[in-house]
Amino acid sequence: MSARDRILERVRAGLKRPTPVSVARPERSLAPMARPVSHLLNDFIARAESLQSTVAQVADLNAVPAAVAEYLQAQGLPRKSVIWPSLKALDWFSSGLTAEARPPVSEDRLGITETFCGIAETGTLLLHSGVDHFSTTSLLPETHIAILRVDRLVERMEQAFALMQSELDQLPRATNFISGPSRTADIEQTIVIGAHGPRRVHIILVG
Amino acid sequence: MKIRSEQFKGNVRKQLADEALQSNLSRFGGGFADRRRDALVKVDDFEALRDRGASIRAEVLENLDYWLLKFEAEAQRRGTQVHWAETGAEANQILLNIARNAGVQRVVKSKSMVSEESGLNEVLTEAGMTVTETDLGEYILQLANEPPSHIIAPAIHKSRDEVSALFEKHHGTPRTDDIPSLCEEARGQLRPHFLAADMGVSGGNFLIAETGSVTIVTNEGNGRMVTTLPRVHVAMTGIEKVLPTLEDLSAILRLLPRSATGQDITNYVSILTGVRDEGAMDGPQENHVILVDNGRSRLLGGDLHDALRCIRCGACMNHCPVYQNIGGHAYGWVYPGPIGAILTPAFLGLEKALDLPQASTLCAACEVVCPVRIPLPDLMRVLREKELTQGLRPWHERLSIRLWRWLALHPGWYAFAARWGTRLLRGMAGSDRLLHTLPGLDGWTQGRDMPAPQGETFRDQWRKKQAAERKIIPIRLDSSPSEKKAGLKK
Ligand code: SF4
């Protein structure tokens, strides 16, 4: 008998029955939200900001490069970025930015991504991996700018999963919920922003 | 991890006498517990969420074998290799084989309590690999060569000075008392390790049965690095960590961070499914999950079954007055605090942790905060009872309980003993009416005085009260039962 068989045997013995042939997918009512959402956009912004993300809003996608330039100017950051290939078509040059569509290396200081959807309950971004969606763009550079369409806001995490299920063939290799810049409280429980991941998360809402 | 739970009393004495530790622990009070409270103020109905969390976890356990097999099938479908280990040693061996087959030299780890159970780091180091812990707390402890003292804040017992001294020694950097600078230094030190590693080892906060995914919850981002950058990823986790669906995960995630650190959500929740997509630029090419039993399956269906609901939030220790005074190391194994007082004897054997279920005042603060409603004090009582019935308590304790039992079954003698006992104690007390020592109970009186009993015993008072009431409302005691009935009817 393998370790697997012996473990399963003990489970069955403990539960005093054979392994059920099938168990129905639990049909639970929707779980209560912790903090209900009264206004998708306003709640998303307020909660994202409470997690130390910063938020800007522009009317359409073409206005994104200028908004990025403005943010970098205000933060005193260099105007050089790695971007997801899907953002290549935007006119970065006119706003004085260089944008390279490639996965980042550790020295890259700014990564710009799109966002699959935003969750208003917690002010969270959902990004997933894919051939053109490098997971490292939102991880290695010290600043992450996420572009999020306002019509991609949902109330709660369950809806984000439903959206993935309806739009993607299967669950991507990595599904990352991102809620603000990385942080640690491991020394004297003092919260410090900027642990291993980005120190800044800037969300540009479009629409 | 080395087991020191048998020496609990000695550990406690040491921890209480350690002034630096006591000062670090005194800072603890206002931390996580206050943040949790502040987070809950914003929540609509936390009790309803706790009900949901408890029922999800309870239902999973009812069909644990089914959900594990479902997880295995789905994970394999996506190219994840699933391994099963009965013990920690077996889990280490499986991981070692994976590493050897893949020609691994450098391993980076994000926090995994199961790998603490199994003592993985030593095994990998002995096999000639370099292992780097990347959670800041775990990294500090790796430098200090110490075990964690808390399940979510492993280095909570260390002050910034101690951290700075460690960094000076290992990095050769000047001392600082600025916490952000210390964090920055660790970031700089660890980045090259992430980039150079061949293998990432993580824990798994949850396994999702219907998608075959491993879920990792972190704040620092090290969990993402460890599961994204190296070419091999291995998640090592306990068999009880399954959730059926992503909806269940959504519900549980409303409970976990709030209960743990008072955050509405952790910075990162990563759901990892399968291996790198064809043509993708990142993600591991090899992905493994090791399902570790190590004593868990034995608890199913038994009287400690409910302890397997635990989602490792740490709230029970954050709110435990005993933990706050003695710190996590006193418990002598991986899991401290109330849940540790149950899991350590449950996983290792009661005889290895006799004092742990006793290390509680049964104040029930842990039960009140537990997000999945584990009846922790009841489970400690179950273990206490087992110790007694299995003859594992010291003879004088067993004898006194016997004596007590006999007295409780003989009310006349009980009254007699109580009456004379209180008189005796009164006689033994000084003019301050306090007992400074008690024969055989000096452990208790070392830290406190016992007030001598005053006045009459309860039973004497009760009898008098009854007699007084009888004078007011006379009841005829000489009537026959039938007459009494008739009298009542009137
Ligand atoms: S027993 Fe409850 S409170 Fe303690 S760590 Fe587990 S889930 Fe959290």
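Arg312(B) lies over the face of Tyr335(B), 4.6 Å from the ring centre. A charge counts as over a ring if NZ of Lys or CZ of Arg is within 6 Å of the ring centre and within 35 degrees of the ring normal. This is a predicted model: local features need pLDDT of at least 70, side-chain atom pairs count only at pLDDT 80 or more, and totals for chains, interfaces and linings use all residues. Residues are numbered from 1 along each chain as its sequence is written, chains are lettered from A and ligands numbered from 1 in the order in which they are written, and side-chain values use heavy atoms, with hydrogens and water left out.

**Chain A overall**

- Chain A holds four helices and twelve strands. Helices (H or I, at least four residues) and strands (E, at least two) are DSSP runs, numbered from the N terminus.
- Its C-alpha atoms fill a box of roughly 70 × 45 × 40 Å along the principal axes.
- Of the 207 residues in chain A, 57% are buried. Buried means under 20% relative accessible area, exposed over 50%, partly exposed in between (1.4 Å probe, protein chains only).
- Take the contacts in chain A between residues at least 6 apart in sequence: 73% of them join residues at least 24 apart. Contact means heavy atoms within 4.5 Å.

- An open sheet of eight strands runs β8(A)-β5(A)-β6(A)-β9(A)-β9(B)-β6(B)-β5(B)-β8(B), with mixed pairing. Two strands pair if DSSP finds at least two bridges between them.
- β8 (153-154) of chain A and β8 (242-243) of chain B stand at the edges, each with a single partner strand, so one side of each has no neighbour in the sheet.
- β9(A) pairs with strand β9 (residues 268-272) of chain B in the antiparallel sense, over five bridges. Here Ala174(A) has Leu272(B) as its bridge partner.
- Strands of a sheet pair through backbone hydrogen bonds, either parallel or antiparallel.

- Five of the five residues of strand β6 (residues 124-128) of chain A are buried, so the strand is largely enclosed by the rest of the structure.
- Thr124(A), Leu126(A) and His128(A) point one way; Leu125(A) and Leu127(A) point the other way.
- In a regular strand the side chains alternate between the two faces of the sheet.
- Strand β5 (residues 117-119) of chain A pairs with β6(A) in the antiparallel sense over three bridges. Ile119(A) has Thr124(A) as its bridge partner.
- β5(A) and β6(A) form a hairpin with four residues between them. In the turn, Gly123(A) has a positive phi of about 70°.
- β6(A) also pairs with β9(A), antiparallel over four bridges. Leu127(A) is bridged to Asn176(A).

**Strand β4(A)**

- Four of the five residues of strand β4 (residues 110-114) of chain A are buried, so the strand is largely enclosed by the rest of the structure.
- Strand β2 (residues 80-83) of chain A pairs with β4(A) in the parallel sense over two bridges. Val82(A) has Gly111(A) as its bridge partner.
- β4(A) pairs with strand β7 (residues 143-149) of chain A, parallel over five bridges. Gly111(A) has His144(A) as its bridge partner.

**Helix α4(A) around Ala160(A)**

- Ala160(A) sits in helix α4 (residues 157-167) of chain A. Its relative accessible area is 0%, so Ala160(A) is buried.
- Leaving out residues up to four places away in sequence, Ala160(A) touches Phe116(A), Cys117(A), Ile119(A), Leu126(A) and Val154(A).
- Ala160(A) and Gly118(A) are 42 residues apart in sequence, yet 7.9 Å apart C-alpha to C-alpha.

- Rings of Phe, Tyr and Trp (its six-membered ring) pair if their centres lie within 6.5 Å; planes under 30 degrees apart count as stacked, over 60 as edge-to-face and the rest as tilted.
- The rings of Phe161(A) and Phe177(A) have centres 5.6 Å apart and planes at 80°, so the pair is edge-to-face.
- Phe161(A) lies in helix α4 of chain A and Phe177(A) in strand β9 (residues 174-178) of chain A, so the pair ties together parts 16 residues apart in sequence. Both residues are buried.
- Trp333(B) and Phe347(B) are also edge-to-face, at 6.4 Å centre to centre and 90° between the planes. Both are buried.
- Trp406(B), Trp413(B), Phe416(B) and Trp420(B) form one aromatic cluster.
- Arg152(A) lies over the face of Phe116(A), 4.8 Å from the ring centre.
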